Amino acid sequence: MHLLNLGILAHVDAGKTSLTERLLHAAGVTDEIGSVDRGSTRTDTLALERQRGITIKSAVVSFPLDSVTVNLIDTPGHPDFIAEVERVLGVLDGAVLVVSAVEGVQAQTRVLMRTLRRLRIPTLVFVNKIDRRGARGASVLDEMARRLSVPLVPMGTVAGLGTRAARFVPGLGPSALDVLADHDDDLFAAYVTRGISDGRLRAALADQTRDGLVHPVWFGSAITGAGVAELVTGVERLLPPASGDPDGPLSGTVFKVERGPAGEKIAYARIFSGTLRVRDRVPLGDGRQEGDGRQEGGGREEGRITALTVFDHGGDVRREEAGAGRIARLWGLGGVRIGDALGTPGRSAGHHFAPPTLETVVVPGPGADRRALHLALTQLAEQDPLIGVRHDELRKEISVSLYGEVQKEVIEATLADEYGLDVTFRETTTLCVERPAGSGAAVEFNKKDGNPFLATVGLRVDAAPPGSGVRFGLEVELGSMPYAFFKAVEDTVRETLGQGLHGWQVTDCAVTMTHSGYSPRQSHAHQGFDKSMSSTGYDFRGLTPLVLVEALRRARTVVYEPMHRFRIEAPADTLGALLPVLARLGAVPESTGGHDRAGVLEGAVPAARVHELGQRLPGLTRGEGELETVFDHYAPVTRGPLPERPRTDHNPLDRKEYLLNVTRRVGD
């Protein structure tokens, strides 16, 4: 039997988890359909998920169809938990995007569809809630075509729309041929000359769906079951099964890590090639973005699989092995992280969505153990690598980066429920970045000009294109000194770039080592190694920040703030009142348009002002305005003083203070 790893994605409250429950019931995995309202769903297992009625963590369940076993992955719909969705995308064979027939296309719907298209993941669309009052049929289809800008193939129509008796009436309409012929000239030619059989049309539909060119659309209701059987048939016939050679070299990707009852790590991995067995020793790492800096020697860690389970008939079952195409839960990999490659590195775990753009300080409650809080937050960040934890030893503060206020509430509840820690948060602030404005170079030589470190380090910083991250290279020979010293410089460069001239992370730059030198290992007669006369990694780790910040000073850095693309749809006669408000918020309208009596404004607005814009909009549009925002890019800060971020390091910007902290000596 074939395998299919299927993702269920949607905007919040579209009915995604309810659809998952209906699919499990239809496949005979569950006797009773779980309810989000009653907190009895199979996939929302966290107490907080059941209390709030939202999905926070991705969950995997399995069910059999006639010819394929489906591993179904339920993902969060709320944008604050987009990191959970991101990790799932790299392990999918296909997806179902759920859209509410009442609310229609939402901002999150557009973000998800753009990403699915970019990754060429075959995607079906299920328009849910046709039984609800206010449900729309043809108009939702038109809205999806207009706002998602993707080729859609309706797989039928709706009867009894907006009533409990609403049902899906299957059947390909004339529009199917129009959409499919746009991607297949032979199909159009055959239609013109001799007509197209239903079989030929459905074969073309299957081929183009698997290639991610078109998206079939079903209408239905997860609550009543309308349209679900037809959707299941579409999943089985139109989506490609998992591929991979079980006898090939092992290659897999870890997309989720959780902690077991005893605190042990449990890794969720998709196996793309080969077979993973209990007691195997598995190389792991190298699947994350460049610059992770976990390993001192640059090699890959290994872990030994002590147990594994695979998903089958709604649960996970103990097995001795897991072959290509499977999703497995793995025990024994103590050093594993999300994004790790198992065996031969395969698909990259690169970022598909925006990074967090908000930050807040976690304030421990009365009697809270700061060390326990530090450990708890580190473990939470371990399970969600797009959430950064920042420690300020000088001020004894811990900050976390976030996507939104709901995520803050979830962290607060998780710390209370799972760790017994009572915390509050300070006001959320915006996370900026710094980019070099040009090029700058600096060098310090061993034993010269007040350099207290037994090391020579020269670095040049060059600006790089937006989105390129940080690259480190050498203009000196790799054999000119021990490799461990080069590694110490590179690791320290990446760490130091976490706080630029204004305290923000420095990105989109190339750092090149231009000078190197060291004092070889020396010893006195009849005595051991003389550390005071020989270079160590400490010397290179201590000197590199001073050289790097001087190079950054000469290159200069520009502070960039996160900008959101906004789309406002409101009565056309209210747009005039909106424009001056947008200007005061620093927003830049870039286009206007409209349909019927509604007007549309699109443009960019600073992320720090999005919340205020959302609060002002109802009063300016008679309560009829709709706002969509999504992170789009970073732009130079042009209004007001440059935002500064307090430093948490030894402050290499102040040489005397830095040397006092690092060497306990005052530089000349």
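Leaving aside its neighbours within four places in sequence, with which residues is Met-144 in contact? Met-144 touches Val-99, Val-105, Val-125, Val-127, Ser-149, Leu-152 and Val-217, where contact means that heavy atoms lie within 4.5 Å. The structure is a predicted model, in which local features need pLDDT of at least 70 and side-chain atom pairs count only at pLDDT 80 or more, while totals for chains, interfaces and linings use all residues. Residues are numbered from 1 along each chain as its sequence is written, and side-chain values use heavy atoms, with hydrogens and water left out.

## Overall make-up

The protein has 16 helices and 34 strands, these being DSSP runs numbered from the N terminus (H or I of at least four residues for helices, E of at least two for strands). Of its 668 residues, 54% are buried; here buried means under 20% relative accessible area, exposed means over 50%, and partly exposed lies in between, with a 1.4 Å probe and protein chains only. Among contacts between residues at least 6 apart in sequence, 73% join residues at least 24 apart.

## Nonpolar cores

Met-144 also belongs to the largest nonpolar core, which has 75 residues, and is listed with Leu-6, Leu-19, Val-96 and Val-235 as touching the most other members. A nonpolar core is a set of buried Ala, Val, Leu, Ile, Met, Phe, Trp, Tyr and Cys residues joined through side-chain atoms within 4.5 Å. A second, separate core of 30 residues includes Phe-472, Met-513, Phe-540 and Val-547. In soluble globular proteins, nonpolar side chains tend to be buried together.

## An open sheet and the helix on it

Eight strands form an open antiparallel sheet in the order S14-S13-S19-S10-S11-S18-S15-S16, where two strands pair if DSSP finds at least two bridges between them. Strand S14 (301-304) and strand S16 (315-319) stand at the edges with a single partner strand each, so one side of each has no neighbour in the sheet. From one strand to the next, the twist averages 35°, and such angles run from 0 to 180 degrees between the N-to-C directions of axes, which are lines fitted to C-alpha atoms, for helices over the stretch in contact.

Within this sheet, strand S11 (residues 265-273) and strand S18 (residues 327-331) run antiparallel and are joined by five bridges, with Arg-270 standing opposite Ile-327 in S18. Helix H10 (residues 370-383) packs on the sheet and touches strand S10 (251-259) and S11, its direction making about 145° with that of S10.

## Aromatic pairs

A search of the whole structure finds six aromatic pairs. Rings of Phe, Tyr and Trp (its six-membered ring) pair if their centres lie within 6.5 Å, and planes under 30 degrees apart count as stacked, over 60 as edge-to-face and the rest as tilted. Two of the pairs are set out here.

| Pair | Centre to centre | Angle between planes | Type |
|---|---|---|---|
| Phe-255 and Tyr-268 | 6.1 Å | 65° | edge-to-face |
| Phe-485 and Phe-540 | 4.7 Å | 20° | stacked |

Phe-255 in strand S10 and Tyr-268 in strand S11 are 13 residues apart, and their pair links distant parts of the chain. Phe-255 is buried at 2% relative accessible area, and Tyr-268 is buried at 8%. Ring pairs link Phe-255, Tyr-268 and Phe-311 into a cluster.

In the other pair, Phe-485 lies in helix H12 (residues 483-496) and Phe-540 in helix H13, so the pair ties together parts that are 55 residues apart in sequence. Phe-485 counts as buried at 10% relative accessibility, while Phe-540, a member of the second core, counts as buried at 0%.

## Two arginines with positive phi

Arg-120 has a phi near 55°, a positive value in a residue other than glycine, and is found in the loop between helix H4 (107-118) and strand S5 (123-128). Arg-556, also not a glycine, has a positive phi of about 65° and sits in the loop between helix H13 (537-555) and strand S31 (557-571). Arg-120 is partly exposed at 48% relative accessibility, whereas Arg-556 counts as exposed at 52%.

## Cysteines

How many disulfides does a search of the whole structure find? The search finds zero, a disulfide being a pair of cysteine sulfur atoms within 2.5 Å. Cys-432 is buried, with a relative accessible area of 8%, and Cys-509 is buried with a value of 0%.
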